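Thank you for making time for this; I would like to walk through one model with you, going helix by helix and then to a few single residues. Please have the sequence and the structure in view while I talk.

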Amino acid sequence: MPSTNPEQLRHILQTVKTIALVGASEKTNRPSHDVMAYLQAHGYRVIPVNPRLAGQQLLGETVYADLNTLPEPVDMVDLFVAPERTDAVIDQAIGLKIPVVWMQIGVINEDGAARAETAGLTVVMDRCPKQEIPRLGIPPVAERT
(Lines give C-alpha, C1' and ligand atoms only; values in the text may rest on other atoms or scores of the structure.)
Protein backbone atom coordinates (compact mmCIF):
# COMPACT_ATOMS: atom_id res chain seq x y z
CA MET A 1 0.00 0.00 0.00
CA PRO A 2 1.50 3.36 -1.02
CA SER A 3 2.90 5.52 1.77
CA THR A 4 0.68 8.31 3.03
CA ASN A 5 1.66 8.35 6.69
CA PRO A 6 3.27 11.71 7.53
CA GLU A 7 6.18 10.01 9.33
CA GLN A 8 6.87 7.79 6.30
CA LEU A 9 6.75 10.80 3.97
CA ARG A 10 8.99 12.78 6.34
CA HIS A 11 11.52 9.93 6.40
CA ILE A 12 11.56 9.73 2.59
CA LEU A 13 11.99 13.48 2.10
CA GLN A 14 14.71 13.70 4.77
CA THR A 15 16.79 10.81 3.43
CA VAL A 16 16.50 11.32 -0.32
CA LYS A 17 19.21 13.47 -1.92
CA THR A 18 19.07 12.69 -5.66
CA ILE A 19 15.79 12.59 -7.60
CA ALA A 20 15.08 11.60 -11.20
CA LEU A 21 12.11 13.69 -12.36
CA VAL A 22 10.38 11.83 -15.20
CA GLY A 23 8.30 14.10 -17.41
CA ALA A 24 10.46 17.16 -16.78
CA SER A 25 9.44 20.08 -19.01
CA GLU A 26 11.32 23.05 -20.39
CA LYS A 27 8.04 25.02 -20.30
CA THR A 28 8.15 27.28 -17.26
CA ASN A 29 4.36 27.22 -16.86
CA ARG A 30 4.31 23.45 -16.38
CA PRO A 31 4.02 22.00 -12.86
CA SER A 32 6.95 19.63 -13.49
CA HIS A 33 9.23 22.60 -14.22
CA ASP A 34 8.05 24.41 -11.10
CA VAL A 35 8.48 21.34 -8.88
CA MET A 36 11.96 20.65 -10.28
CA ALA A 37 13.05 24.22 -9.54
CA TYR A 38 11.53 24.03 -6.04
CA LEU A 39 13.28 20.75 -5.22
CA GLN A 40 16.61 22.13 -6.48
CA ALA A 41 16.16 25.27 -4.37
CA HIS A 42 15.52 22.98 -1.37
CA GLY A 43 18.89 21.34 -1.94
CA TYR A 44 17.99 18.16 -3.78
CA ARG A 45 19.90 17.13 -6.91
CA VAL A 46 17.20 16.70 -9.55
CA ILE A 47 18.03 14.92 -12.80
CA PRO A 48 15.43 15.57 -15.51
CA VAL A 49 14.16 12.67 -17.62
CA ASN A 50 12.31 13.29 -20.88
CA PRO A 51 13.11 11.47 -24.16
CA ARG A 52 12.05 14.50 -26.22
CA LEU A 53 14.61 16.72 -24.47
CA ALA A 54 17.41 14.15 -24.01
CA GLY A 55 20.85 15.74 -24.24
CA GLN A 56 19.57 19.27 -23.62
CA GLN A 57 20.05 21.31 -20.45
CA LEU A 58 17.18 22.03 -18.08
CA LEU A 59 17.67 24.12 -14.94
CA GLY A 60 21.40 23.43 -15.09
CA GLU A 61 21.11 19.65 -15.48
CA THR A 62 21.45 17.41 -18.54
CA VAL A 63 18.20 15.73 -19.54
CA TYR A 64 18.22 11.94 -20.02
CA ALA A 65 15.92 9.81 -22.16
CA ASP A 66 14.95 7.32 -19.46
CA LEU A 67 16.02 5.93 -16.11
CA ASN A 68 18.31 3.37 -17.75
CA THR A 69 20.48 6.13 -19.24
CA LEU A 70 21.05 8.04 -15.99
CA PRO A 71 24.77 8.52 -15.29
CA GLU A 72 24.45 7.80 -11.56
CA PRO A 73 22.13 6.11 -9.08
CA VAL A 74 19.20 8.11 -7.71
CA ASP A 75 17.32 7.78 -4.42
CA MET A 76 13.87 8.51 -5.81
CA VAL A 77 12.01 8.75 -9.10
CA ASP A 78 9.26 11.41 -9.27
CA LEU A 79 6.72 10.64 -12.00
CA PHE A 80 5.09 13.54 -13.85
CA VAL A 81 3.56 11.39 -16.57
CA ALA A 82 0.05 10.18 -17.35
CA PRO A 83 -0.93 7.08 -15.34
CA GLU A 84 -1.01 4.93 -18.47
CA ARG A 85 2.66 5.79 -19.11
CA THR A 86 3.92 4.85 -15.65
CA ASP A 87 4.32 1.07 -16.07
CA ALA A 88 7.53 1.26 -18.12
CA VAL A 89 9.04 3.78 -15.69
CA ILE A 90 8.05 1.69 -12.66
CA ASP A 91 9.59 -1.40 -14.28
CA GLN A 92 12.82 0.52 -14.93
CA ALA A 93 12.84 1.72 -11.30
CA ILE A 94 12.39 -1.88 -10.13
CA GLY A 95 15.21 -3.06 -12.40
CA LEU A 96 17.51 -0.31 -11.15
CA LYS A 97 16.43 -0.83 -7.53
CA ILE A 98 15.58 2.85 -7.08
CA PRO A 99 14.41 2.91 -3.44
CA VAL A 100 11.43 5.27 -3.83
CA VAL A 101 8.83 5.67 -6.60
CA TRP A 102 6.81 8.87 -6.08
CA MET A 103 3.78 9.46 -8.31
CA GLN A 104 2.51 13.01 -8.50
CA ILE A 105 -1.01 14.23 -7.76
CA GLY A 106 -3.41 12.55 -10.18
CA VAL A 107 -0.84 9.90 -11.17
CA ILE A 108 -2.38 6.68 -9.89
CA ASN A 109 -1.33 3.17 -10.88
CA GLU A 110 -2.37 0.64 -8.25
CA ASP A 111 -0.98 -2.37 -10.14
CA GLY A 112 2.36 -0.64 -10.77
CA ALA A 113 2.54 0.44 -7.11
CA ALA A 114 1.89 -3.13 -5.96
CA ARG A 115 4.57 -4.44 -8.34
CA ALA A 116 7.11 -1.92 -7.03
CA GLU A 117 6.26 -2.66 -3.40
CA THR A 118 6.53 -6.42 -4.00
CA ALA A 119 10.03 -5.71 -5.38
CA GLY A 120 10.91 -3.91 -2.11
CA LEU A 121 10.51 -0.30 -3.28
CA THR A 122 8.67 2.35 -1.28
CA VAL A 123 5.80 3.94 -3.21
CA VAL A 124 4.07 7.28 -2.73
CA MET A 125 1.09 7.96 -4.96
CA ASP A 126 -1.13 10.96 -5.68
CA ARG A 127 1.09 13.36 -3.67
CA CYS A 128 3.48 16.19 -4.49
CA PRO A 129 6.80 16.64 -2.66
CA LYS A 130 6.54 20.40 -3.20
CA GLN A 131 3.39 20.36 -1.07
CA GLU A 132 4.63 17.80 1.44
CA ILE A 133 7.99 19.48 2.22
CA PRO A 134 6.51 22.66 3.77
CA ARG A 135 3.55 20.79 5.26
CA LEU A 136 5.93 18.44 7.09
CA GLY A 137 8.51 21.12 7.89
CA ILE A 138 11.34 19.38 6.01
CA PRO A 139 14.54 21.47 6.23
CA PRO A 140 16.70 22.06 3.13
CA VAL A 141 19.18 19.26 2.39
CA ALA A 142 22.19 21.38 3.46
CA GLU A 143 20.69 22.01 6.91
CA ARG A 144 20.20 18.34 7.80
CA THR A 145 22.49 16.56 10.21
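This is a predicted model: local features need pLDDT of at least 70, side-chain atom pairs count only at pLDDT 80 or more; totals for chains, interfaces and linings use all residues.

In helix 3, which spans residues 86-96, the buried residues are Thr86, Val89, Ile90, Gln92 and Ala93, where buried means under 20% relative accessible area, exposed means over 50%, and partly exposed is in between, with a 1.4 Å probe and protein chains only. These five cover an arc of only 160° around the axis, which puts them on the same side of helix 3; the arc is that of the directions from the helix axis to the C-beta atoms. Ala88 and Gly95, on the other side of helix 3, are exposed.

Residues are numbered from 1 along each chain as its sequence is written, and side-chain values use heavy atoms, with hydrogens and water left out. When I say helix or strand, I mean DSSP runs numbered from the N terminus, H or I over at least four residues for helices and E over at least two for strands.

What do the buried residues of helix 3 pack against? They pack against strand 1 (18-22), strand 5, strand 6 and helix 4 (110-118), contact here meaning heavy atoms within 4.5 Å.

Thr86 deserves a separate word: this residue of helix 3 is buried, with a relative accessible area of 0%. Its side chain makes a polar contact with the side chain of Asn109 at 2.7 Å; a polar contact is a pair of N or O atoms within 3.5 Å, where, within protein, one must be able to donate a hydrogen and the other to accept it, and residues adjacent in sequence count only if both atoms are side-chain atoms. If we leave aside neighbours within four places in sequence, Thr86 is in contact with Leu79, Val81, Val107 and Asn109.

**Two residues with positive phi**

Most residues other than glycine have a negative phi. Lys97, although not a glycine, has a positive phi of about 55°, and it lies in the loop between helix 3 and strand 6, where it is exposed, with a relative accessible area of 65%. Leu59 also has a positive phi, near 50°; it is found in the loop between strand 3 (57-58) and strand 4 (61-62), and it is partly exposed at 35% relative accessible area.

**Helix 1**

Turning to helix 1, residues 6-15, we find Leu9, Ile12 and Leu13 buried, and they cover an arc of only 90° around the axis, which puts them on the same side of the helix. The face turned away from that buried side carries the exposed residues Glu7 and His11. Among the elements covering the buried residues of helix 1 are strand 5 (76-79), strand 6 (100-103), strand 7 (122-124) and helix 5 (129-136). At the N-terminal end, Asn5 caps helix 1, with a side-chain oxygen 2.6 Å from the backbone nitrogen of Glu7.

**Helix 5 and its partners**

How do helix 1 and helix 5 pack? Their axes are 10 Å apart, at an angle of about 105°, which makes helix 1 roughly perpendicular to helix 5. The axes are lines fitted to C-alpha atoms, for helices over the stretch in contact, and the angles run from 0 to 180 degrees between N-to-C directions; under 35 degrees counts as roughly parallel, over 145 as roughly antiparallel, 65 to 115 as roughly perpendicular, and the rest as oblique. Pro6, Leu9, Arg10 and Leu13 of helix 1 make the contact with Pro129, Glu132, Ile133, Arg135 and Leu136 of helix 5.

For helix 2, residues 31-41, the axis comes within 9 Å of that of helix 5 and the two cross at roughly 40°, which makes helix 2 oblique to helix 5. Here the contact is made by Asp34, Val35, Tyr38 and Leu39 of helix 2 and by Pro129, Lys130, Ile133 and Pro134 of helix 5.

Arg45 has its place in strand 2, residues 45-49, and at 31% relative accessibility it counts as partly exposed. Not counting residues up to four places away in sequence, Arg45 touches Lys17, Thr18, Ile19, Glu61 and Glu72.
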